[in-house]
Amino acid sequence: MTRARPAALALGSLWAFLACGGEPGAVAPASSGAGPAYEVPISAAAAQAALRMSPVPPTPVDPTNRVDSDPRAAALGRALFHSTSLSKDGDVSCATCHVPEGSFVDGRRLALGVLPLERHTMSLWNVAHQRWFFWDGRADSLWSLSLVPIEDPLEHAFTRAGVAHAIHGDAALRRGYERLFGALPPLEDGARFPAAARPVPANDRAHQLADEHARASRQGAEHHTHLFGSGFRHPHQRAWDAMSTADQDAVTGIFVNVGKALAAFQRQIESRDAPFDAFVEGLREEDSAKVAQLSPAAARGLELFVGEARCISCHGGPLFTDLEFHDTGVPEVQGAPLEDPGRSRGLETLRASEFGVRSRWSDDPEGAAGVKVDFLPAAGHGHGPGEFKTPSLRGVATTAPYMHNGAFKTLEEVVEFYVSRRGARTTGTTEKILVPLDLDEGDQADLVAFLHSLTGPPPDLARLAAPDR
Ligand code: HEC
Ligand code: HEC
């Protein structure tokens, strides 16, 4: 195949180079007083695209979370993120799966909490820039997402009443909490505030899986709506139903505040200033040393990414994602169902969510942040099974394995899959744009080199790892 020839450019002439129509290899006239010529290793079209993919914009503030950018909330959120006291047996925290020393992932194909999950742990890089959360987008804010793992019977397997008690019973957490959100209710009153209580959602996938595990292990009469037939009420639900509405709201309010503090912490998990960003800055500033920070292989990979390989049609913008959902036909792995309904079920769950951006627990229920949920497609429309969120590719070199089910161990495997489409699931609504690509091994290595150029310096663990207590 033909390759774009690098353009020899005089300093000061980038804009002329771009304006001259994007002919690969075109040499633009030097602007007056410009320094020595240097090489822009990509075509004008690729340079145009690259300029739109860097830098990462400032972290957006979430108006539905009033403590989103409060440093005290971030400090409390940090303690909560690392605390195992918000789990059934006191041994799972967010950091069990989102390991700070491991780039906030666990390295596993499928996640393992109190029980095994059927999805792969997601990267948290630049998570506050996301629009929908989880692989299937079933949460519409970072704070409401953060509540899900805590009550998920496969992850923390805990209850919101348990969360209130855990904070109440821990001097440091309680101090941090009350300084921000005011005094806790009289949780020592066990008659009003049971140790474990929560509403248990009906038809929830995680609960179905927990039931299956309970049935298989024949011990746990604990998770099992189905084990006991339709008249069965979960003990957590029974304890919840016995509480007054005001006390239920007090406990849910604490739970929601915990989610908001966790979100304030996670806003800081950012990946910026990658070699690719230096390169784009170099283009803008016509600084040849910065331009040279993108290796020749990565520059060729960039040319393919935005061109022939068409990755950019889904992985565009400074986060390298369209923030939308697509079926890429990822092959099956053991432990995860082939027909994961993905976004189609995610939408149903989102609509039923108690904690949406338009709910009474949001700090801006009438605001513009809610517009995205006002126009969701109606049930049964708009999304087929197998659609998952396009992941951001920032920091991607640090978050193997890949895809919603961890199907691929390396970036080489991911790229090989896009190129050959070998093993691609063909049922469902696989995107028509995903056809085999005419890219040889060298091209594939170039794409991988480009993906590597999207990872910035390692995180500042002094701010993000477990706090000293
Ligand atoms: C048992 C492992 C595990 C634990 C514990 C866990 N997570 Fe996750 N996390 C996952 C998995 C798996 C996903 C994807 C789940 C899905 O899409 O269904 C995920 C997704 C996420 C996402 C979505 C990112 C995005 O781009 O949409 C965020 C944010 C997150 N987790 C934060 C947390 C927080 C906060 C906690 C603690 C309250 C936590 N996680 C606890 C495994 C875990
Ligand atoms: C039709 C939209 C689309 C196109 C085109 C596309 N991707 Fe993706 N990409 C996705 C989606 C959706 C996922 C997640 C799929 C899943 O988990 O099932 C994904 C996942 C990935 C991942 C894994 C990231 C992670 O954290 O797990 C990488 C790497 C990736 N794509 C790179 C590329 C490259 C390189 C190209 C071009 C050759 C490309 N993509 C083309 C939509 C697309």
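This tour visits the two ligand sites of a predicted model, one stop at a time.

Before you start: residues are numbered from 1 along each chain as its sequence is written, and chains are lettered from A and ligands numbered from 1 in the order in which they are written. Local features need pLDDT of at least 70, side-chain atom pairs count only at pLDDT 80 or more, totals for chains, interfaces and linings use all residues, and side-chain values use heavy atoms, with hydrogens and water left out.

**Stop 1: the iron of ligand 2**

Select the iron atom of ligand 2. His315 (NE2) and Tyr418 (OH) coordinate this atom at 1.9 to 2.1 Å. Donors here are N, O and S atoms within 2.8 Å of the metal (3.2 Å for Na, K and Ca); water is not among the atoms, so sites may look incomplete. Why is the arrangement octahedral? The 6 donor atoms subtend angles of 84 to 180 degrees, which makes it so. Six donors count as octahedral if opposite donors are over 155 degrees apart and all others between 65 and 115.

**Stop 2: the two coordinating residues**

Now colour the helices and strands. These are DSSP runs, numbered from the N terminus (helices, H or I, at least four residues; strands, E, at least two). His315 sits in the loop between helix H14 (296-306) and strand E3 (325-326). Tyr418 is in helix H17 (residues 411-420). The pair therefore ties together parts that are 103 residues apart in sequence.

Buried or exposed? Buried means under 20% relative accessible area, exposed over 50%, partly exposed in between (1.4 Å probe, protein chains only). His315 is buried at 9%. Tyr418, at 23%, is partly exposed.

**Stop 3: the shell of ligand 2**

Show the residues around ligand 2, meaning those with a heavy atom within 4 Å. There are 24, and Cys311, Cys314, His315, His404 and Tyr418 come nearest. H17 gives the most, with 3 residues. Next, look for polar contacts (pairs of N or O atoms within 3.5 Å). A polar backbone atom of His404 is 2.6 Å from an oxygen atom of the ligand.

**Stop 4: the shell of ligand 1**

Move to ligand 1. It has 30 residues around it, and Cys94, Cys97, His98, Phe134 and Lys389 come nearest. Select His98: an N or O atom in its side chain is 2.9 Å from a nitrogen atom of the ligand. Then select Phe134, where a polar backbone atom is 2.7 Å from an oxygen atom of ligand 1. Finish with Trp135: one of its backbone N or O atoms lies 2.9 Å from an oxygen atom of ligand 1.

Key
Tetrahedral: all angles 85-135°; square planar, octahedral: opposite > 155°, others 65-115°. Polar contact = N/O pair within 3.5 Å; in protein donor to acceptor, adjacent residues only side chain to side chain.
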